[in-house]
Amino acid sequence: MITSGFTNAPVSRFLVFGTVIGALVASLTDTRYYFHIQVVPHFWGYAQFWRVGVWQLVFTNSTEVLFAVLSFYSLRVVERLWGSRKFASFLISTLPYTTLLPPLILTFILRPLSFGRINHLPAGPTPIIFALLANYYAAIPYTYRYKLSPYSSSPTSQTTSTPTSIWSKSLTFTSKSTTYLAPLQLALSQFPGSVLAAAVGWAVGTAYRRDLLPGAGSWRVPGWIVGEESRKGFEGLRARLDAEREREGGLSTGILAGETGGAHGGARQRQRRTLGEMVTEQFRGRG
Amino acid sequence: MADAGVDIAQLTEDQQLALQQFTAVTDQEIKDAVPLLQRCQWNVQIAIARFFDGEPAEDPLAAAPPPHDIRRQETLLANIPTPRSSTSSSRRLIETAPRVVPQPENHVTAQAPLILTLLLAPFNLVYSLFSKLFRFTGWLFPPLMRLFSPGGTNTAASRRTTSGRKALNPRDTAARFVREFEEEYGPNRLPFFENGYAQAFDLAKKNLQFLLVILVSPEHDEMASFIRETLLSQEVVDFIRDPSNNIILWAGNVQDSEAYQVSTSLNCTKFPFAGLIVHTPQVSSTAMGVATRIVGPTPPTQFVTKLRQAMQPHLEPLNRVRAQRTEQQATRNIRQEQDSAYERSLAKDRERARKKKEEAALAAAAEKEALARQRAAELYAQNLAQWRKWRAASLPPEPPASTDAKDIVRISLRMPNAERVVRRFAAAADIEELYAFVECYDVLRSGDDVGDAEEPEGFVHEYAFQLVSPMPRVVFDVKDGGTVRERIGRSGNLIVERLDLDSGDEEEGDDEDEE
C-alpha cells in the first residue's frame, strides 16, 4: 500500500503535479491575486462572484504548495484503497460542496458573526485535502503505536501506580500521526480562513463516508478518464493470448511464434518481449 | 579365509575391517556374516545389534529412499544470461515475502491523553450536538433521509464507519473477516485460514504449501464483482479446495492493521489483489517468495490458469526439498534404530548383572541362615545335655521296693526305642518327675557322675514327648500338674510318644546312636 511512487495512483499524481504546475503558472503569469477571496472588496465591492469558482484551483504560497504536495502524496494510499475511478469520482462529486460551501459560510455566517473581522479565504484546495484526510482517517488502519512520555515508565509501575500530575501523562501516537502534520500546517497557515476550509473539507469527507451527500456515493466518472477502458481491452487480448498458449500446450505457433524464441524449445519458461526487442533481436540474428 | 564362496578379496578395505570386527564380536562364519553385513550396509554396530536382537520386521535402511543428488543440474546453454539480462533476470528473480507480525494490542493502552481530551472537548460537543440535531431532523422527515441516502445496500453503508475499525488480535481479526465475508456474500465453501498471517506463513513454510493471500478492500468498486464472479466461482473454489494443490487460503480486509501491513510488504498497490507465496529453496533454505500476484479483476478461468502457471515452476524445487526432508527423516530413523538397539543391549546386560548379583546375595543369605541354624541346634543340644545331667542329679532316687505299696506307684514305661523300663515312683511325686525320669533315662543308665552339673542359664526346657496310656488312650500332659498317684493310679503302663518326630529326626538318631 505505501509503495513509494505513484504506482496505480494516477489521479494522485495528477493532483501533485497539478498543484505544483498550477502554482508555477499562476506566479509566472502573475495572476495569483485572482485566486483568494476577500468578502468585502471582492464580493460586496467589485461583485467578482466568479472567484467562488476559481479559488480552489491553486495554492499561491510556496509553503502551502510544499505541504499540499506532501499531503497529496501521502493520501495516494486512499486512491489505491478505492481504485482510481472511485477516487476521481469522489473528487468530482464532492467538488460542488468543497468549492461552494466555504465562501458561502464565510460570507453569510462567519463574517456577520465576527462583525467583519473574518473576511479572508486563502486560495488552494485545502477542503479537498481534508475531505480525503477524513477518509484516510477512517479507512486506513495504523500499523503500530508508540508512547511519548516525559519519564521512562517501566511497564510494572505503569499498571500499579496511577500518575497524578498532567505531566506524567504520556501521549500515544500511531504510525499515522505523522501524516496529519502536513495538513495541520496547511489548516493553520492562514489562520481563520484556512481552518474554515479545512473544517468544511473534513465535514464533506465524513458526510461522503456516511452517504449523506445526495448522489455522490454511487456516481462514477466514465472509465476512460482514469484509463480503465483501454486497459480492459488489453486484458481481454492478453487473456486470449494466454488461452491460446494453453491450447497449444507449450508449442508456440501463430501469433506467439515470433514472441517466444524457438532456440531453446517450447518447454522453457517463455518471456514476453516487446515489439522493439523482437525487432532488435531479428537484427542481431538470434530470432 | 575364502572358504565359503565369498570372495574376501572383492570387498573393500572398510568392508573387510567391518567383517573382521563383526566376526570378532559374534564369532560367526564369514558366509553368514557377509549377507547380514550387506543388509546393514556394512554398518558394524547395526549388524551386531541385529545379530543379537534379531532383525526388525521393517527395515529402516531399506525404507530409506536412495540418497538424492542435491546438486542442481545446470546446462551451460540454458543458463547463459541473455544480453538483455537486466530485464529478464529482474523478472525471474523471486521477490521475497516477509513475515508480518502485527503489534500486539495490549502493548499500548488505548487511553486518550488528558491534554488532547481537553483540547478536543469543544469539537466533540459541537459534533455530538450537530449529529443529534441531524438525526432528529431525519426522524421528523423520513423522506428526507431516503433522499439523502440513495441506492447502496444498508449493510455496506453501515459498515462504512467514520472512525476506523476496532483493532483485534490476529485470530479474532480473521474470524471477524470470515463472518463479515459470509454476511456480505452469503455462505461459501472457501477454506479460510482462521488465524494470523504469520501463522499461515509459518504453516506454509513448514508443510511446503502454497499460501494464497487475498486482500480485500471493501470500499473498492471492483471488489464485490471480483469476489462474486471470480473468488466464489465453482472453478476457483474447487481449485483452492483441491488437496493436491496444497493451498492455504488467507484473506484479510486491508482496513485491518494486519492485512494492511501484509499489503504493504507484498507491494500491493491495486485491488483486488491475490498473491501466491511459496517456499523458495533456490534462494535460501528459509526463504519465502512471491510466486505470483494477480491484481485487478480477473475472470475465474484466467485466475486459475495464472495460479497454475505460477505453481508449476515451484513444484520441482518443493519436491526436491520434500525428498531431502524424507531422506533426513530416514537418516534420523536409522540413528534412532541404532540408539535403541544399543540401549536394548545395554539394558539386557544390566539385567543380567542384576540377576547375578541377586542370586549371589540369595545364596549368601541361605548359607548364613543354615550356619545360624546349625549353631542354634548345637547350642540347644549342648544345653539339653547339660540340663539332663542337672535334672538327673536333682531327681530323687527310686524308692526301695520294700516301701509300703500305698506310697509306691509302679510304672512301666515303653521308651521310643521300644525298650521297656519299670520303675517305682513315690506316690506323692509330681508327674513332672516322671517326665524328668524319661528325659534323663539315658544319663541315669549310663551312670555318669552328674553331681557337679548345674542348670544351664537362659535355657527353657520343654519336653519333646508325652506320656500316653494305651487302651483307653489317655494323655498325661506335664502341664496339667498333679501327683503320680492322682493322675495314673497305683500302677501304669505308659508309652513315650515323641512330639518332635515330624520336625526333627536328629534327636531320635542321636538317641539311637547312644543306644
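1. At what angle do the axes of helix α1 (residues 13-26) and helix α2 (residues 30-39) of chain B cross? They cross at roughly 120° and come within 10 Å. Axes here are lines fitted to C-alpha atoms, for helices over the stretch in contact, and angles run from 0 to 180 degrees between N-to-C directions. Helices (H or I, at least four residues) and strands (E, at least two) are DSSP runs, numbered from the N terminus.

2. Some ground rules. This is a predicted model, in which local features need pLDDT of at least 70, side-chain atom pairs count only at pLDDT 80 or more, and totals for chains, interfaces and linings use all residues. Residues are numbered from 1 along each chain as its sequence is written, chains are lettered from A and ligands numbered from 1 in the order in which they are written, and side-chain values use heavy atoms, with hydrogens and water left out.

3. Back to the first pair. α1(B) and α2(B) are oblique to each other. For the cut-offs, angles under 35 degrees count as roughly parallel, over 145 as roughly antiparallel, 65 to 115 as roughly perpendicular and the rest as oblique. The crossing of α1(B) and α2(B) is right-handed. A crossing is left-handed if the near helix is turned anticlockwise from the far one by less than a right angle, and right-handed if clockwise.

4. Now the residues of that crossing. α1(B) brings B:A18, B:L19, B:F22 and B:T23, and α2(B) brings B:I30, B:A33, B:V34, B:L36 and B:L37. Contact means heavy atoms within 4.5 Å. Eight of these contact residues are nonpolar, one is polar and none is charged. Ala, Val, Leu, Ile, Met, Phe, Trp, Tyr, Cys and Pro count as nonpolar, Asp, Glu, Lys and Arg as charged, and the others, Gly among them, as polar.

5. A second pair is worth a look. The axes of helix α13 (residues 234-241) and helix α15 (residues 300-394) of chain B come within 8 Å and cross at roughly 25°. α13(B) and α15(B) are therefore roughly parallel to each other. Their crossing is left-handed. From α13(B), the contact uses B:E235, B:V236 and B:F239. From α15(B), it uses residues including B:P300, B:F303, B:L307 and B:M311. By class, this contact has seven nonpolar, one polar and two charged residues.

6. Chain A as a whole. Its secondary structure comes to 12 helices and four strands. Of its 287 residues, 42% count as buried. Buried means under 20% relative accessible area, exposed over 50%, and partly exposed in between (1.4 Å probe, protein chains only). Take the contacts in chain A between residues at least 6 apart in sequence: 76% of them join residues at least 24 apart.

7. Check the record against the model. In an unreviewed entry, UniProt places "transmembrane region" at residues 12-35, 55-75, 87-110 and 122-144 of chain A. Such annotations may be inferred rather than shown by experiment. Over residues 55-75, chain A is 62% helix and 0% strand, with its end C-alpha atoms 22 Å apart. Over residues 122-144, chain A is 61% helix and 0% strand, with its end C-alpha atoms 35 Å apart.

8. Is A:V58 buried or exposed? A:V58 is buried, at a relative accessible area of 7%. A:V58 lies in the loop between α3 (51-54) and α4 (62-74) of chain A. A:F35 is 23 residues away along the chain, yet the two C-alpha atoms are separated by 7.4 Å. Leaving aside neighbours within four places in sequence, A:V58 contacts A:G22, A:A23, A:A26, A:F35, A:A123 and A:G124.

9. Look next at A:R220, in the loop between α10 (191-209) and α11 (228-248) of chain A. A:R220 and A:F90 are 130 residues apart in sequence and 8.1 Å apart in space, C-alpha to C-alpha. Not counting residues up to four places away in sequence, A:R220 touches residues of chain A, including A:R85 and A:Y208, and also B:D221.

10. Finally, some backbone points. A:N8 is not a glycine but has a positive phi of about 55°. A:N8 sits in the segment before α1 (10-28) of chain A. B:A418 also is not a glycine, and its positive phi is about 70°. B:A418 is in the loop between β6 (408-414) and β7 (420-426) of chain B. The peptide bond from B:F271 to B:P272 is cis, with omega near -5°.
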